[in-house]
Every structure is written in C-alpha cells, then in structure tokens.
2 protein chains.
Amino acid sequence: MNIVLIGSGNVATQLGLALVKRGHRISQVFSRTHTNAEVLANKLSSKAISCKSELNLQAELYIVSVKDDALVEFIADLPELKGIVCHTAGSVDVQVLNRFDQYGVFYPFQTFTKEKQVDFKQVPILLEADNDKVYKCLLKLAESLSDKVSKASSQQRGQLHVAAVFACNFVNHMYRLSEDLLDDSGLSFELLNPLIKETADKVMSLSPRLTQTGPASRNDQLIIQKHMRLLKGNEPFESIYKNLTESILALSKSK
Amino acid sequence: MNIVLIGSGNVATQLGLALVKRGHRISQVFSRTHTNAEVLANKLSSKAISCKSELNLQAELYIVSVKDDALVEFIADLPELKGIVCHTAGSVDVQVLNRFDQYGVFYPFQTFTKEKQVDFKQVPILLEADNDKVYKCLLKLAESLSDKVSKASSQQRGQLHVAAVFACNFVNHMYRLSEDLLDDSGLSFELLNPLIKETADKVMSLSPRLTQTGPASRNDQLIIQKHMRLLKGNEPFESIYKNLTESILALSKSK
C-alpha cells in the first residue's frame with residue numbers, strides 16, 4: 001500500500017514506525033515545518049515535504065495526524081485526494097472528512113511520545129469508515145499492526161477520549177504532583193514506583209471500584225485533616241486534595 | 001524471632017504472609033473481631049486471639065497494624081510489652097509509641113488488598129526507631145523481606161504518605177471515573193488497559209513532568225470545550241475535569 005503520512009508529532013511518529021516495521025511503504029511525510037518532516041522521513045526511509053502542493057495525489061491512503069484543534073482547518077486546505085483519507089484523532093467526528101470520496105478514522109488508542117517506542121500489537125485501534133470498502137481496507141491495515149482492532153462510532157470515540165483524559169492525562173498529573181511533593185521533602189520519586197505499578201496492575205484484573213484504598217475510601221477523617229493541614233495554602237495541591245477526597249467520600253457513601 | 005501481629009486488615013495480611021514466607025514465626029494474631037483473627041491466623045499457622053489480656057508479653061516484636069485513625073487510642077490501651085513495639089502507619093508519628101521501652105516504625109510503602117499477594121522484594125520499607133539497637137533489629141527483619149529498605153523520619157513519612165495519596169488513591173479514583181464514563185457509552189474498561197499500563201510505565205523511567213500529554217498540556221481549547229460540553233451537569237466528572245485541566249494549564253504556562 002502506498003501511504004502518505006501527514007503530520008510529524010507523537011502519533012504520526014509512532015504510527016509511522018509501526019507501519020514501516022510491518023513492511024508498509026510510506027512514500028511521503030508531510031509537516032509544515034520542513035525540519036520535522038525530515039527528521040521523521042529519515043526514520044521511515046521516506047521523502048519529506050512541507051508544501052501541500054507537493055502531495056502525491058495518487059496514493060492509496062492518506063493518514064492525517066495533526067493536532068486535534070488544527071484538524072478541521074487543515075483538512076479544508078488539502079487538495080483533492082483520490083485515495084482514502086483518514087484522521088487519527090480521538091475526539092473529532094469522521095464527518096469532517098466528508099468532502100473526500102473515501103474517508104474514515106484510524107484511531108490508535110494509546111498515549112504516545114516521540115522518544116518511547118510502543119508495542120503496537122497491544123494498542124487498541126478503533127476504526128470508522130464512510131463505507132464497507134473503506135472499512136475493510138482500514139481493517140486490513142489495522143490488523144497488520146495490532147491484535148486489538150474494533151469498530152467505534154464517532155460518538156463512542158468521543159466518550160472514550162474523555163475517559164482517556166481521566167485514566168491517562170489526569171493520572172499523569174497526579175504522578176507529577178506527587179513528584180513535586182517528594183522533591184519538597186528530599187525524597188526520591190522512585191520510591192513511588194512499586195506503588196504506581198501495583199495501582200495500575202490491579203485495575204487490569206479487578207474493577208477500580210473494588211481497588212480504591214486510602215484515607216478517603218475508609219473515611220479516615222483524622223488523616224484527611226492532617227493532610228489538609230500539611231497542604232494548607234499550597235496550591236494546586238490543597239484544592240485538588242479537597243476536591244478528589246470529597247468525590248471519593250461521596251462514592252463510598254453511595255455504595 | 002517471636003513476632004506478634006496485631007491487626008488483620010490489608011497490611012497485616014500481606015505483611016504476615018511475607019514474614020511467614022521468609023521463615024519468621026508469628027506466635028499470635030490479634031484482632032478485636034475473633035473471626036478476622038482466625039482467618040488470618042489460619043493462613044499464618046498462628047494462634048488467633050481477640051482479647052488484649054491474651055497477648056503474649058514475652059514476644060520480641062509486636063507489629064501493630066490497625067487503621068491509622070484508631071492507632072493512638074489502640075496503643076494507649078495495650079498492656080506493658082517488653083519487646084519492640086512498632087506500627088506500620090505511614091502518617092503516624094513514631095512518638096505515639098513512646099510509652100514503651102523499645103519502639104519504632106516499620107512502614108511497607110505499597111497499597112495492599114487482602115486478596116492480591118504482593119512481591120515484597122520490591123516493596124520499599126521505611127524504618128524509624130527510638131535507638132540504634134531497635135533500628136538494627138528492624139533493619140534485619142526488613143532486609144529479610146525487601147531489597148528496598150531505607151530510613152525516613154516521621155516528617156518525611158508524612159509527606160510521602162500525602163504523595164502516595166496522589167499517586168495511588170487519586171489515580172485509582174481517576175480509573176474509576178473513566179470506568180463509569182465507559183459504562184455509560186457501552187464500551188469496555190479493558191480498552192483502557194494498554195493506556196493505563198503505558199502511562200504508569202513511562203514515569204518509571206521519565207519524570208512525569210516530561211510525560212504529560214492531552215488537551216490541557218497542549219492548551220487545546222477546542223477539545224477542552226468539547227469535553228466540558230459532554231460532561232455538563234454530570235458530577236463529579238465536570239468539576240474534576242475543570243479543576244485538573246486548570247491545574248495542568250497553569251503548570252504548562254509556568255514552564
């Protein structure tokens with residue numbers, strides 16, 4: 001398959017690497033910043049371009065992997081493309097691509113950074129397409145990368161994306177706040193590693209409803225008040241501690 | 001060593017199992033609820049007791065592992081004990097034990113549930129003692145269980161405990177909220193497993209300051225507003241989304 005990869009960010013980088021690893025050919029890598037296009041094109045043995053007019057109009061598949069908030073405007077400005085055009089954004093409706101003859105969504109549901117390579121076999125890929133032919137084509141490609149391919153409507157993808165903000169972005173923010181707290185007390189963040197691993201491991205086999213521990217879940221007011229005194233005036237720690245503690249308390253009471 | 005284990009909760013259970021596995025002898029298991037004492041004593045080939053008057057006064061070590069908020073009152077009501085008395089609570093000062101001749105803290109820094117056995121070799125154990133002799137004794141015991149033993153003052157332990165609330169209890173609460181969101185949209189929580197694993201794995205090798213992703217970290221207002229509309233009126237999701245998004249935005253700006 002002749003694939004054009006549009007974008008050079010975290011998702012484009014990891015998806016490109018996975019595609020090449022599985023033997024697919026990426027004929028062009030587009031980025032508005034030519035240096036970024038070159039860095040990724042070099043990794044993928046591909047050709048870097050930075051003008052839309054240079055886009056190969058005869059490719060079979062265009063994967064548009066640019067920032068979610070820039071996507072609509074970016075797509076409006078693309079030339080006519082005959083192949084399948086798909087985007088990789090969790091939160092954007094498939095219909096933003098309806099000016100093309102063939103379109104769909106190819107959403108690898110994972111958090112990506114450029115530097116850390118990902119085992120794509122374990123990455124769920126969620127697909128949506130405007131017709132069966134396009135769907136089958138995206139399905140074939142997705143199954144060459146991952147063991148976990150499924151269909152999801154734009155609405156389901158939107159809800160999954162919000163859930164992922166909680167389970168990934170907000171979780172990382174919790175890690176970050178605890179690192180700040182440990183820095184202040186001269187302790188190493190590494191001390192938390194086994195706890196972080198165990199907390200994550202548990203919910204892979206048990207529902208998080210059953211694995212909640214800590215002062216709020218047992219309504220231990222003595223400790224909660226002690227922690228609130230320790231964090232007094234220290235924002236954002238104090239307000240987040242208060243907010244999340246109240247939320248856990250409310251859920252524990254409603255059990 | 002002749003050890004008496006006081007308590008039958010998550011920490012007492014996992015610590016007891018680890019001690020027995022390493023060949024230590026637990027002569028008594030105390031719990032105010034006799035059935036609980038019996039369940040754990042059976043697992044540890046030990047004797048169940050539920051009256052403080054039955055406590056063996058000649059043991060070398062008493063490990064008091066009761067709820068943090070019940071600890072002070074519980075200790076006040078213990079008989080005179082000649083051996084070392086230590087507690088396992090992250091957030092309680094070592095001085096609550098100063099009525100005993102020999103005392104200390106033996107704090108296994110991990111989240112425990114009764115049902116899921118833990119590899120104690122990887123559990124950091126933080127120690128504190130009123131004198132060197134007691135410290136050496138606790139150190140020997142701790143090193144027989146874990147490769148990660150270190151000293152921490154009561155103050156450091158207190159700060160570590162707050163950090164752990166963020167990195168474990170609040171993280172689990174985020175998992176739980178995303179499970180609720182997925183339930184509402186007919187998707188399986190399992191879809192999140194690779195994302196949860198990757199998010200946790202990353203911060204074992206990179207600082208969470210470097211691994212923050214998502215709409216807030218790139219100030220993607222289009223997506224943030226879309227998510228806020230999706231969550232409108234749905235508490236606690238809406239207020240937590242708003243609070244944590246603002247916190248991530250503030251940190252990104254101060255970079």
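**Entry 1. Helix on the sheet, chain B**

I took helices (H or I, at least four residues) and strands (E, at least two) as DSSP runs, numbered from the N terminus. Axes are lines fitted to C-alpha atoms, for helices over the stretch in contact, and angles run from 0 to 180 degrees between N-to-C directions.

I noted that this is a predicted model, in which local features need pLDDT of at least 70 and side-chain atom pairs count only at pLDDT 80 or more, while totals for chains, interfaces and linings use all residues. Residues are numbered from 1 along each chain as its sequence is written, and chains are lettered from A and ligands numbered from 1 in the order in which they are written.

**Entry 2. The sheet of chain B**

I traced an open sheet of 8 strands in chain B, ordered E3-E2-E1-E4-E5-E6-E7-E8, with mixed pairing; two strands pair if DSSP finds at least two bridges between them. Strand E3 (47-49) and strand E8 (149-151) of chain B are at the edges with a single partner strand each, so one side of each has no neighbour in the sheet. From one strand to the next the twist averages 25°.

I then checked strand E5 (residues 84-87) and strand E6 (residues 102-108) of chain B, which run parallel and are joined by 4 bridges. B:His87 stands opposite B:Val105 in E6(B).

**Entry 3. A:Ile3**

I located A:Ile3 in strand E1 (residues 2-6) of chain A. A:Ile3 is buried, because 24 other C-beta atoms lie within 10 Å; the cut-offs are 20 or more for buried, 12 or fewer for exposed, and partly exposed in between, with C-beta atoms placed from the backbone. Leaving aside residues up to four places away in sequence, A:Ile3 touches several residues, among them A:Leu19, A:Ile26 and A:Leu61; contact requires C-beta atoms, placed from the backbone, within 7 Å.

**Entry 4. Chain A against chain B**

I found 79 residues from chain A and 79 residues from chain B in the contact. H5(A) gives the most to the side of chain A that touches chain B, with 24 residues.

The axes of H5(A) and helix H7 (residues 221-231) of chain B come within 11 Å and cross at roughly 100°. H5(A) and H7(B) are therefore roughly perpendicular, the class for 65 to 115 degrees, with under 35 roughly parallel, over 145 roughly antiparallel and the rest oblique. A:Gly158, A:Val162 and A:Val165 meet B:His227, B:Leu230 and B:Leu231 there.

How values were computed:
Two residues are in contact if their C-beta atoms, placed from the backbone, lie within 7 Å.
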